[in-house]
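Visitor: Could you walk me through how to read the features of this structure, step by step?

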Amino acid sequence: MHSDYEEVYALGSFPLQSGMTLRNARLAYKTYGTLNEHHSNAILYPTRYSGRPWDNEWLIGEGMS
């Protein structure tokens with residue numbers, strides 16, 4: 001199976017604001033670059049439902065803070 005992400009984190013049962021629970025929830029993610037010593041260069045760019053990591057790649061790079 002082809003994937004557009006690098007890793008998957010298992011959230012397990014995830015409670016929603018509505019009061020319902022999303023069972024066996026998973027969070028797929030892709031990382032770019034390297035964290036600095038203080039981990040102060042981490043930026044989170046979430047994609048919309050069914051979005052792809054490359055939808056946000058134009059926002060990542062030198063001078064894009």
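Predicted model: local features only at pLDDT ≥ 70, side-chain atom pairs only at ≥ 80, totals over all residues.

Guide: Strand β2, residues 21–29, supplies four residues to the lining of the largest pocket, the largest share from any element.

Visitor: How much space lies in the largest pocket, and which residues are closest to its centre?

Guide: The space in the largest pocket comes to about 1400 Å³. Its lining has 34 residues, and Ala28, Tyr29, Lys30, Leu44 and Tyr45 are the closest to the centre.

Visitor: How do the residues of that lining divide into nonpolar, polar and charged?

Guide: The lining holds 17 nonpolar, eleven polar and six charged residues.

Visitor: Now the backbone. Which residues other than glycine have a positive phi?

Guide: Asparagine 24 is one of them, with a phi of about 55 degrees. Histidine 39 is another, with a phi near 55 degrees. Asparagine 24 belongs to strand β2, while histidine 39 is in the segment after β2.

Visitor: Are those two side chains buried or exposed?

Guide: Asparagine 24 is exposed, at 66% relative accessible area. Histidine 39 also counts as exposed, at 53%.

Visitor: What is the general idea behind a salt bridge, and how many are there here?

Guide: Side chains of opposite charge can pair when their charged atoms come close. The rule asks for a side-chain nitrogen of Lys or Arg within 4 Å of a carboxyl oxygen of Asp or Glu. In this model the count is one salt bridge. Lysine 30 and glutamate 57 form a salt bridge through their side chains, at 4.0 Å from N to O.

Visitor: Which parts does the pair tie together?

Guide: Both lysine 30 and glutamate 57 lie in the segment after β2, so the pair ties together parts that are 27 residues apart in sequence.

Visitor: How accessible are lysine 30 and glutamate 57?

Guide: Lysine 30 is partly exposed, at 34% relative accessibility. Glutamate 57 is partly exposed too, at 34%. Lysine 30 also brings us back to the pocket, as one of the residues closest to its centre.

Conventions: Residues numbered from 1 in each chain as written. Heavy atoms only, no water. 1 Å grid on protein atoms, 1.4 Å probe; cavity = no way out; pocket = protein on both sides within 12 Å on 5 of 7 lines; lining within 4 Å. Points joined across faces, edges and corners; volume = space filled by probe spheres on them. Helix = DSSP H or I, 4+ residues; strand = E, 2+ residues; numbered from the N terminus. Nonpolar A, V, L, I, M, F, W, Y, C, P; charged D, E, K, R; others polar. Buried < 20%, exposed > 50% of the residue type's maximum accessible area, 1.4 Å probe, protein only.
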